[in-house]
Structure formats: structure tokens, C-alpha cells
Amino acid sequence: MKRPWIGTSWKMNKTRAEAEAFARALAASKVASTRKVLPFVIPPFTAIAGVAEILSGTAVRVGAQNMHWAEAGAWTGEISAPMIKDAGATMVELGHSERRIHFGETDETVALKVKAALAHGLLALVCVGDTRAEFEAGATASALARQVEAVFSVTEPSQLSRVVIAYEPVWSIGEGGVPADPDFADEQHALIKKQAVARYGMPIDVVYGGSVNPANCRELAARPSIDGLFIGRSAWDVQGYVGIVESVCESLPGA
């Protein structure tokens, strides 16, 4: 039976007080004890410790939005895997298109970060996506295959269960983004899983992110190759996040 991942990254939003208020409300909700889905939240660095403490003992994982590949050193402004773990996070988001576009991240640097995250026992949520130009040129599959291959190049078979791929079309995320057609998204997820099977003999979890909202969450989550949802602004309010989680839970077989 499918047990989908459902999470949200807050990007550069929420003070510590706002983040902790969200976490307390989440800890008091049914999501905190759910066994139907795998919930997670990814606060800004400043709020990780407080949120992780509040959500400790619940079903909700807490992650970080980025990290450096080095354990320590002269990397001003960067955060390492040991620091993330020390703050209470158990997962890390890597390779988001905003970081690739605005901060020059490449497939190679993302791979270095994935390798470091896995070495330190973190779950790596790795974002891949196609640009509008790639989508319109029919090059989505090849763009994703290249990005996924970089991740697989540093992932041992024993580590595959700690890697989750997030397909986030660049043209679909952010303000003004358009959600991908569920069938199109499902097709891309199936290809990524096929790529994993070809290399490892087993599939990998692939979640969809890109203008996920209360109106489309069930349809997306129901697709056979979509293993969960990575939500943006629709889940920045705790009621919005809890509502989407509950809606997906209600739609699952046996609910």
C-alpha cells in the first residue's frame, strides 16, 4: 500500500516564533501521529532546532533547505551536515532550482552534497526539474535523466532508501507557476524509477512539487508513480498543510 511523502519547505519565510507556532499546531493535529503518510517540514536554518524539539516524538520529520559538502572549514555563510544533525534535522533538501538558478549550483555540486548527506546519515531530498525551454522542446525526460544520473553516481545501493527525488518543473513552481498535468508528471516519475531500476535493480521514491494545492493534491497523489507531494505556499499556513495531508489520507485505499 502506498504511503506517500507529504511535506513543505518554507523557503525564506517565518521567524522562530512563527515557525514554532506552526510546529506546536502541527504537533497537536492528527498529522503528528499519522501512519498513512510520511510528513515532513523544512524550516529556515534559524528555526530548525526549535521546530525539531517541538516535533520530537511525532511522525513529522524535520529537514534543512541546503547544506555544504564539507564537514567544516573556511566556507563563510555555509552550514554543514554535522551542524544540521546537531540542530535536530534528519533530512536535507538539495538542488532546488532556485539554488541552481540564483546561486550557480550544478549537477556536480549537488552530487557532492548528496554524497556528504548520505555519509552523515541524512535523508537526501534531491530536487530535479526541467525549464520552460526544455519542456517546450520536448526535452524534459533527458534533462531529468541527466540530473538524476548525477545523484546516482554518488549513491551506493545500500543508500538508495535514503534518497528521495522531487520532480519540480521550473515552470511550475513559485508565484504564478502552473501545475504539471498529473499524467505528464506521472510519466516523468515512471522514467526516473525506471532509471533507478536499471542501475540498482529497484525503484526509488519520487515526489511531485510544483503548484500543489488543495484542488489538485488528491489527483496527483493518486497517480501510480507519484510517491508523494512537496508543497510550497499552499502549506505555509499550518491549516493549509494539515488540510492537504488529511485530504490525501482520506483518498488513500482503505481510508
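How many disulfides does the count come to? The count is zero, taking a disulfide as a pair of cysteine sulfur atoms within 2.5 Å. This is a predicted model, where local features need pLDDT of at least 70, side-chain atom pairs count only at pLDDT 80 or more, and totals for chains, interfaces and linings use all residues. Residues are numbered from 1 along each chain as its sequence is written, and side-chain values use heavy atoms, leaving out hydrogens and water.

- Cysteine 127 is in no disulfide, and the nearest cysteine sulfur, that of cysteine 217, lies 19 Å away.
- Cysteine 217 is in no disulfide either; its nearest cysteine sulfur belongs to cysteine 249, 10 Å away.
- Cysteine 217 is buried at 0% relative accessibility, where buried means under 20% relative accessible area (1.4 Å probe, protein chains only).

**Strand β2 and its cover**
- Five of the five residues of strand β2 (residues 38-42) are buried; strands here are DSSP runs (E, at least two residues) and helices are DSSP runs too (H or I, at least four), numbered from the N terminus.
- Leu38, Phe40 and Ile42 are buried on one side of β2, and Pro39 and Val41 on the other.
- In a regular strand the side chains alternate between the two faces of the sheet.

**Neighbours of β2**
- Strand β1 (residues 5-9) runs parallel to β2, joined by five bridges; strands pair if DSSP finds at least two bridges between them.
- Isoleucine 6 stands opposite proline 39 in β2.
- On the other pairing, two bridges join β2 to the parallel strand β3 (residues 61-64), with arginine 61 in β3 as the bridge partner of phenylalanine 40.

Methods: Buried means under 20% relative accessible area, exposed over 50%, partly exposed in between (1.4 Å probe, protein chains only).
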